[in-house]
Amino acid sequence: MIRLERVTKIFGTITAVDRVDMDVPTGAVCVLLGPSGCGKTTTMKMINRLIPPTSGKIFIDGRDTAGIDEVTLRRSIGYVIQQIGLFPNKTVEENICTVPDLLGWDRRKSRARAADLLSLVNLDPAIFLKRYPKELSGGQQQRVGVVRALAADPPVLLMDEPFGAIDPINREVIQDEFMKIQAELKKTVVFVSHDIDEAVKMASHIAIFREGRLIQYDTPDTILATPADSFVADFVGGDRTLKRLRLIKVSQAMMKEPPRVVGEDTLETAVARMREHGHGSIVMVGPRGRARGMIRLDEAQDKKGVVSEHVVPLPGVIHVDDDLRNAVSMMFSHGATWLACVDDDGFYTGYVTQRGITQLLGASDRD
Amino acid sequence: MAASLASAAKLLVVLGVFALGAFLQSRGVLPGILRHWSDVVYLARQHIELVAISGSIAALIGVPLGIVLTRGVVRPYADAITQIVNLGTTIPTLAILALAMSVLGIGSPPAIFGLVVLTLLPIVLNTIAGLRMVPAHLIEAARGMGMTGTQILLTVELPNALFVILAGLRTALAINVGTVPLAFLIGGGGLGELIFTGIDLMEPTMLLAGAIPTAVLAIVIDFLVGQCQFWLIPRGVNPLR
């Protein structure tokens, strides 16, 4: 969707961006990451020609942007900046409709769209449409900022540290909201950030810049698992393996089709099943398969009776769509080495173990 | 409590005005001023005309000049050019009027010229200051969304600078109203005729018949521009509401 070919920008004697090649596929969220002054913002601003490239070519949807009138080009690209930049003299509605108005859309259509978009970011149109930016909190302003960029439904979005000035709690919320919107609209997003955690959370691709050069361009997991050089390794942090936990879902690390017992089974059956799998404990499920509790091998082996009489609570239950970071956190807080995994309906579908997670991370680390 | 204090203050002002009126009446000043009433009306009209014409010309030159001075190529020279405009304020008003008279002759044209030169500076300076105060990121956002330079000026920069620009116009008009009496000295008319004749004839009531309407005029014009500031400027960028 967006392709950069040997793009270079020279300011006087300083080479801000040095022969960058990049290809951002349609629907990707590409985070440009690096320390300040590394050329990431310059690279982004060359895409909508706020900064003209010194040499090299930039293609959007196969068209060379140098051949498109810059005003037309920019109206077809959503733009969000860190300072938000809502026009204080205009209401929220007028702000959102800026680009549709520039494009000469029908007023009724653009105003209706403004209301729809506002509800998309959980702001009540009845309350907020007629407000002025100064009457909004920082978080609300940036929601409007994002929505304004989406107003004319551009296929490409450029975001310059959009959530950098928002307090950490609100930032998480807005990031989640944006991810939800993005999952639905599937825009091609180029996103400048200096926050590795934000990048890992949002990105489908991460591009790491240093002194104007693109050092590594890959998926977040690959960058965290196999940094190209010591600079990237330092930049993503010593805890990069922990950061990877966030990228992996429980369902990917889970052992599927686990052994199980029901309440009416005898303890002998349970012990036999544990021995068969080499497990120290086994999960008891209800009649329809919901995880109810567990039996420990060391407590069950010399006793008689049925499972339901000896069942103890599970150490912890985690949803299959949670990420491994939450799973590991739950293991540590419960002092458990494994967790039962359940789906949306609470059905027992598998289990994750500390050893399993370690092996998974180790395996792809060595790849 | 605050409301009752405010209404008490209003009552005091009204009583004060009445007392002043009664005092002036008893000293014979008020009848003296009213004797000049037809002159006052005629000259006040001339006065307002001079203010309106010179003020409009100054605004029509000053605001565009201020805008031009903040645009691309001229921007670095803005300070040098405002210094030239500044000369108009540093030269004594009487000297400007005398100079204008020696070129343009006697009557209202030299008076208007002098007044324009004098009132230009606050308008230009405030236009520049107002436009410079518009945050750079607003302009970047506007550019990034694909506005042209003219669209940015008209829909982003000017609305956000309007409060400061109008404040400049307010200052300019206050100076203007107070300076118009000098126009009488070069035959420009206005309430200065009563003031200076009153001085020459050592007749204080005549002087007051010129001075009081001038002061009232200044207050009224200031109030009107203030109302413009309040109502014309969008609520989002209006510090008054």
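What percentage of the 241 residues of chain B count as buried? In this predicted model, where local features need pLDDT of at least 70, side-chain atom pairs count only at pLDDT 80 or more, and totals for chains, interfaces and linings use all residues, the share is 37%. Residues are numbered from 1 along each chain as its sequence is written, while chains are lettered from A and ligands numbered from 1 in the order in which they are written.

**View 1. Chain B as a whole, built from helices.** Chain B has 10 helices and zero strands, where helices (H or I, at least four residues) and strands (E, at least two) are DSSP runs numbered from the N terminus. Its C-alpha atoms fill a box of roughly 70 × 60 × 25 Å along the principal axes. A residue is called buried if 20 or more other C-beta atoms, placed from the backbone, lie within 10 Å of its own, exposed if 12 or fewer do, and partly exposed in between.

**View 2. The two domains of chain B.** An automatic or database domain assignment gives the bounds, and chain B is divided into domain 1 (1–35) and domain 2 (36–237). The centres of these domains of chain B, taken over C-alpha atoms, are separated by 32 Å. Five residues from domain 1 of chain B and five residues from domain 2 of chain B take part in the contact, two residues being in contact if their C-beta atoms, placed from the backbone, lie within 7 Å.

**View 3. The open sheet of chain A.** Six strands of chain A form an open sheet with mixed pairing, in the order S6-S7-S8-S3-S9-S10; two strands pair if DSSP finds at least two bridges between them. Strand S6 (77–80) and strand S10 (213–218) of chain A are the edge strands, each pairing on one side only. From one strand to the next, the twist averages 15 degrees, with axes fitted as lines to C-alpha atoms (for helices over the stretch in contact) and angles running from 0 to 180 degrees between N-to-C directions.

View 4. Strand S9 (residues 205–210) of chain A pairs with S10(A) in the antiparallel sense over five bridges, and A:Ile206 has A:Asp218 in S10(A) as its bridge partner. Helix H1 (residues 40–47) of chain A packs on the sheet, where it touches strand S3 (29–33), strand S7 (156–160), strand S8 (188–193) and S9 of chain A. The direction of H1 makes about 150 degrees with that of S8(A).
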